[in-house]
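Please brief me on this structure.

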Amino acid sequence: PIPCVPWQSQTSGQYQRRVHGGIPNWRTSGLAGLYNLGGRFNNANGRFTANKNGIYTFACMLRSDGNGVNYNRMMITKNGEIDLHGGGHSIQGNPVNSYYTMSVEVTMYLATNNYVECVWYSEGDSSYNIQGESGFSGHLVYAMTL
């Protein structure tokens, strides 16, 4: 069997952001399909912290309203490090309207106590809203002993 440390979350309402960074205020209960087995996902700060070394897969879909002056960028980051070349990144230039959705999926190695979070950045906008239709999930695919 595949070892499992999963969660499925949804933002707990509209969130207004003025600078880029991790998205806080998620929920992992209250709707069908939401869960946080093992409790490793922190709803308040939007971070998953690994409790074992292994290969993990993560997916994030964010809906944002009221942005799009120049471009939008979305990433799944490891330990707060911005890596535009590691595969966990998407960018869209000159969005055609102010209602916008982006998705990213990535598989990566995490050591014990490493964390991941979903990050949104909108170039040229002073504020925008991350909507409650957004979701973030992760699963341990393969546990490793080093």
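The points below move from the overall make-up to single residues.

This is a predicted model, in which local features need pLDDT of at least 70, side-chain atom pairs count only at pLDDT 80 or more, and totals for chains, interfaces and linings use all residues. Residues are numbered from 1 along each chain as its sequence is written, and side-chain values use heavy atoms, with hydrogens and water left out.

**Overall make-up**

- The chain has zero helices and 14 strands. Helices (H or I, at least four residues) and strands (E, at least two) are DSSP runs, numbered from the N terminus.
- Of the 146 residues of the chain, 45% count as buried. Buried means under 20% relative accessible area, exposed means over 50%, and partly exposed lies in between (1.4 Å probe, protein chains only).
- The accessible surface of the chain is about 7,200 Å², and 49% of this belongs to carbon and sulfur atoms. Such areas come from the Shrake-Rupley method with a 1.4 Å probe; for residues, only the protein chains shown count as cover.
- Take the contacts between residues at least 6 apart in sequence: 73% of them join residues at least 24 apart. Contact means heavy atoms within 4.5 Å.

**The disulfide**

- The count is one disulfide, defined as a pair of cysteine sulfur atoms within 2.5 Å.
- Cys60 and Cys118 form this bond, with an S to S distance of 2.4 Å.
- Cys60 sits in strand 8 (residues 54-65) and Cys118 in strand 12 (residues 115-123), so the bond ties together parts that are 58 residues apart in sequence.
- The torsion about the S-S bond of Cys60 and Cys118 is about -95°, so the disulfide is left-handed.
- Cys60 is buried at 2% relative accessibility. Cys118 is buried at 1%.

**Aromatic pairs**

- There are six aromatic pairs in the structure. Rings of Phe, Tyr and Trp (its six-membered ring) pair if their centres lie within 6.5 Å; planes under 30 degrees apart count as stacked, over 60 as edge-to-face and the rest as tilted.
- One of the pairs is Trp26 with Phe136, which is tilted: 5.8 Å centre to centre, with 45° between the planes.
- Trp26 lies in strand 4 (residues 26-27) and Phe136 in strand 14 (residues 135-143), so this pair ties together parts 110 residues apart in sequence. Trp26 and Phe136 are both buried.
- Phe41 and Phe136 have ring centres 5.9 Å apart and planes at 80°, so this pair is edge-to-face.
- Phe41 belongs to strand 6 (residues 41-42) and Phe136 to strand 14, so the pair ties together parts 95 residues apart in sequence. Phe41 and Phe136 are both buried.
- Through ring pairs, Trp26, Phe41 and Phe136 are linked into a cluster.

**The nonpolar core**

- A nonpolar core is a set of buried Ala, Val, Leu, Ile, Met, Phe, Trp, Tyr and Cys residues joined through side-chain atoms within 4.5 Å.
- The largest such core has 24 residues, and those with the most contacts inside it are Phe58, Leu62, Ile76, Trp120 and Phe136.
- Elements that give two or more residues to this core include strand 9 (71-78), strand 11 (99-110) and strand 13 (128-130). Strand 11 gives the most, with six residues.
- Leaving aside neighbours within four places in sequence, Ile76 is in contact with residues including Phe58, Cys60, Val104, Glu117 and Phe136.

**The salt bridge**

- Side chains of opposite charge can pair when their charged atoms come close.
- The structure holds one salt bridge, meaning a side-chain nitrogen of Lys or Arg within 4 Å of a carboxyl oxygen of Asp or Glu.
- Glu117 and Arg47 form the bridge, and their closest N and O atoms are 3.4 Å apart.
- The bridge links distant parts of the chain: Glu117 in strand 12 and Arg47 in strand 7 (residues 47-49), 70 residues apart.
- Glu117 is buried, with a relative accessible area of 8%. Arg47 is partly exposed at 29%.

**Two loop residues**

- Asn114 is in the loop between strand 11 and strand 12. Asn114 is buried, with a relative accessible area of 15%.
- Leaving aside neighbours within four places in sequence, Asn114 is in contact with Phe48, Thr49, Ala50, Lys78 and Asn79.
- Gly66 is in the loop between strand 8 and strand 9. Gly66 is partly exposed, at 44% relative accessibility.
- The C-alpha atoms of Gly66 and Tyr128 are separated by 5.0 Å, while the two residues are 62 apart along the chain.
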